[in-house]
Amino acid sequence: MNQISHIRPVDRDYRAGLNRPLEAEAARDYEFLGEKLARRDIDIEQVTAQVARFSVAVPSWGTGTGGTRFARFPGDGEPASVFDRIEDCAVINSLTGATPTISPHFPWDEVPDYAALRAHAEALGVGFDAVNSNTFQDHPAHAAHPLSYKFGSLSHTDPAVRAQAIAHNIDCIRAGEALGSKALTIWIGDGSNFPGQSHFGQAFERYIASVQQVAASLPPDWTLFLEHKIHEPAFYSTVIQDWGSSLLAAQAVGPQARCLVDLGHHAPNVNIEMIVARLIHAGKLAGFHFNDSKYGDDDLDAGAIDPFRLFLVFHELVDAERAGRLDVAPAYMIDQSHNVTDPIESLISSAIEIQRAYAQALLVDRMALSEYQEGNDAMMANQVLKRAFTTDVAPILATARFRKGAAIEPLAAYRASGYRQACAGRRPKRAGGGGGIV
Ligand code: LRH
Ligand code: MN
């Protein structure tokens with residue numbers, strides 16, 4: 001267990017000291033933007049207050065250096081335990097003020113004493129969001145997973161393997177209850193690599209029956225997040241391949257099952273914001289795994305490749321929120337693999353890019369947009385969105401952070417803290433080697 005004092009970024013006075021020389025300029029930029037937005041009948045204080053209430057969960061598994069199927073090149077001072085991973089998540093939250101919860105993954109984050117883990121997190125000012133099960137890898141050393149998931153898990157043809165996968169998901173719920181979570185994310189890699197290998201209908205029905213058994217063990221205030229993905233690890237068919245399969249399954253499982261959208265889980269150029277609008281229409285949107293991608297499930301930093309797409313997703317969310325069509329507040333989580341950057345820097349940057357997209361979506365002149373849409377004025381309708389997207393909201397984000405006691409310049413504050421070097425000094429060096437995202 002770590003003492004807090006040596007984690008400089010978590011020290012409020014440390015952050016205040018770094019902010020001091022930046023405060024005057026940040027205030028001037030904020031005032032200037034405030035005047036600009038006032039000319040658009042937008043109250044900057046109202047936007048800043050909404051941005052300050054916005055938060056996104058960080059993935060515990062994203063704090064280590066990730067890899068691809070080819071190789072993983074270890075970073076310095078990588079977390080060696082879930083306690084280290086939580087410490088790193090607390091550093092991200094203390095600098096951004098926007099990531100107060102962590103999404104854990106089991107059995108990667110499994111511990112004998114969840115109360116102690118929860119106490120460790122609370123001492124660092126963070127909590128837990130949705131938990132994630134893992135029946136996409138075998139865990140030969142784990143007593144609860146003697147059987148292999150090579151040919152699937154919740155949809156496997158063998159009832160014994162399905163029972164094992166169901167029991168694991170129920171174990172994840174119990175662990176999550178001990179940590180204060182309220183949701184379980186189920187992503188399975190089940191599918192096939194050859195035409196004919198799998199019966200599409202029967203596999204889907206086995207999946208639904210298995211998830212219904214998991215749902216039967218849910219506390220009444222919990223939600224199941226079903227996560228679809230077009231391919232990988234299966235390369236011909238995937239049981240929950242797209243939002244349609246996920247929606248059909250969520251409807252079959254019942255009211256506690258909803259559909260989670262991982263931005264990287266679609267074919268290139270799929271209109272993800274349209275999928276979001278449809279899941280909202282169906283009253284089944286669970287939330288998001290934010291990341292970015294250019295080709296496949298690249299798990300790159302959110303907003304690094306296509307920030308306009310991220311903005312368009314938030315445009316749909318704010319539109320639905322304003323119209324009272326969001327029956328449940330979506331769960332916002334990051335799901336990324338950091339192969340060539342310091343994972344903490346990538347998660348800081350990603351949290352800010354997600355917050356930026358939300359802030360820009362709050363600036364959309366929805367009255368004007370609706371008039372142009374009704375009038376089929378395509379040019380001006382698009383211009384309304386572009387105006388919001390091209391507004392530099394950095395002063396709003398910085399001011400929201402400053403008012404929460406976080407860092408005006410989080411990345412600079414992180415680098416100045418020497419936290420990574422300190423971790424390299426006290427954490428065992430992790431080996432590199434073969435593939436795998438963690
Ligand atoms: C699958 C996925 C899923 C996680 C895993 C780490 O690609 O997005 O959400 O369990 O990544
Ligand atoms: Mn995901």
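**Exercise 1. How many nonpolar, polar and charged residues does the shell around ligand 1 have?**

A quick note before we start: this is a predicted model, where local features need pLDDT of at least 70 and side-chain atom pairs count only at pLDDT 80 or more, while totals for chains, interfaces and linings use all residues. Residues are numbered from 1 along each chain as its sequence is written, chains are lettered from A and ligands numbered from 1 in the order in which they are written, and side-chain values use heavy atoms, with hydrogens and water left out.

Step 1. Gather the shell: 12 residues surround ligand 1, the closest being His-105, Glu-227, Lys-229, Asp-262 and Asp-335. To be near, a residue needs a heavy atom within 4 Å of the molecule.

Step 2. Sort by class: you get 4 nonpolar, 3 polar and 5 charged. Here Ala, Val, Leu, Ile, Met, Phe, Trp, Tyr, Cys and Pro count as nonpolar, Asp, Glu, Lys and Arg as charged, and the others, Gly among them, as polar.

**Exercise 2. Find side chains with N or O atoms that pair up with oxygen atoms of ligand 1, then check how much of the ligand is buried.**

Step 1. Lys-229 has a polar side-chain atom 2.9 Å from a ligand oxygen.

Step 2. For Asp-297 the distance from a side-chain N or O to a ligand oxygen is 3.1 Å, and for His-289 it's 3.2 Å. The cut-off for such a polar contact is a pair of N or O atoms within 3.5 Å.

Step 3. On its own, ligand 1 exposes 300 Å², and the protein buries 96% of that (Shrake-Rupley areas, 1.4 Å probe).

**Exercise 3. Describe how helices H10 and H13 pack.**

Step 1. Locate them: H10 covers residues 307–322 and H13 covers 378–389. Helices are DSSP runs of H or I with at least four residues, strands are E runs of at least two, and both are numbered from the N terminus.

Step 2. The angle is about 110°, with the axes 11 Å apart. Axes are lines fitted to C-alpha atoms over the stretch in contact, and angles run from 0 to 180 degrees between N-to-C directions.

Step 3. That makes H10 roughly perpendicular to H13 (65 to 115 degrees).

Step 4. Pro-307, Phe-308, Phe-311, Leu-312 and His-315 in H10 touch Leu-385, Lys-386, Ala-388 and Phe-389 in H13, contact meaning heavy atoms within 4.5 Å. These residues split into 7 nonpolar, 1 polar and 1 charged.

How values were computed:
Angles under 35 degrees count as roughly parallel, over 145 as roughly antiparallel, 65 to 115 as roughly perpendicular and the rest as oblique. A polar contact is a pair of N or O atoms within 3.5 Å; within protein, one must be able to donate a hydrogen and the other to accept it, and residues adjacent in sequence count only if both atoms are side-chain atoms.
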